[in-house]
Amino acid sequence: MSDRITLTEVPIAAAWNVQGDASRADFADQVVRQFSIALPTVPNTTARGDALMAFWLGPRSWLLVAESAGPLFADFVKKRDAMNAAGAALLALLAILLAPA
């Protein structure tokens, strides 16, 4: 028996890159506080939360994607500053995707 795979287009309302050391408790805890999701730590895996999906990009980098830009993605500066305080970086990617060529 063969398994069927269906691919569909999904809109992206918000896309952020978070970078840090997942073995540091302060970093992992801050991600959960800011985004309500635990990052996947196994290579090439994902984690799904209520509002977004996290993609493992590398040992210190994850892509956070949301289909709708709800309150979880509000106040970028506050979230960025909280992540910086935990020794991490937070980058808004949608602005880069929408920038004119």
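## Sheet, helices and pocket in a predicted model

Five strands build an open sheet with antiparallel pairing, in the order β2-β3-β4-β1-β5. At its edges lie β2 (46-48) and β5 (89-92), each of which pairs on one side only. Two strands count as paired if DSSP finds at least two bridges between them. On average, neighbouring strands of this sheet are turned by 20 degrees against each other, direction ignored.

This is a predicted model: local features need pLDDT of at least 70, side-chain atom pairs count only at pLDDT 80 or more, and totals for chains, interfaces and linings use all residues. Residues are numbered from 1 along each chain as its sequence is written, and side-chain values use heavy atoms, with hydrogens and water left out.

**The chain overall**

The chain has three helices and five strands. Along the sequence they follow the pattern β-α-β-β-β-α-β-α. Helices (H or I, at least four residues) and strands (E, at least two) are DSSP runs, numbered from the N terminus. Buried residues make up 33% of the 101 residues. Buried means under 20% relative accessible area, exposed over 50%, and partly exposed in between (1.4 Å probe, protein chains only). Take the contacts between residues at least 6 apart in sequence: 55% of them join residues at least 24 apart. Contact means heavy atoms within 4.5 Å.

**Two hairpins**

β2 and β3 form a hairpin with four residues between them. They pair in the antiparallel sense over three bridges. β3 and β4 also form a hairpin, with two residues between them. Their antiparallel pairing runs over five bridges. Some bridge partners are listed here.

| Residue | Bridge partner | Partner's strand |
|---|---|---|
| Threonine 46 | Phenylalanine 55 | β3 |
| Alanine 47 | Alanine 54 | β3 |
| Methionine 53 | Valine 65 | β4 |

**Helices on the sheet**

Helix α1 (residues 25-35) lies across β1 (14-19), β4 and β5. It runs at about 165 degrees to β1. Helix α2 (residues 76-85) packs on the sheet and touches β1 and β5. The direction of α2 makes about 155 degrees with that of β5. For these angles, axes are lines fitted to C-alpha atoms, for helices over the stretch in contact, and values run from 0 to 180 degrees between N-to-C directions.

Arginine 80 is found in helix α2. Is this residue buried or partly exposed? Arginine 80 is partly exposed, because its relative accessible area is 28%. Its C-alpha atom is separated by 7.7 Å from that of leucine 91, eleven residues apart along the chain.

**The largest pocket**

The largest pocket has a volume of about 180 Å³. Of its 14 lining residues, the closest to the centre are Val10, Arg48, Met53, Val65 and Glu67. On a 1 Å grid over the protein atoms alone, a pocket is an open set of points where a 1.4 Å probe fits, with protein on both sides within 12 Å along at least five of seven lines; lining residues have an atom within 4 Å of a point. Grid points are joined across faces, edges and corners, and the volume is the space filled by probe spheres set on the points.

β3 (53-58) and β4 (61-66) each supply at least two residues of this lining. The lining divides into nine nonpolar, two polar and three charged residues. Ala, Val, Leu, Ile, Met, Phe, Trp, Tyr, Cys and Pro count as nonpolar, Asp, Glu, Lys and Arg as charged, and the others, Gly among them, as polar.
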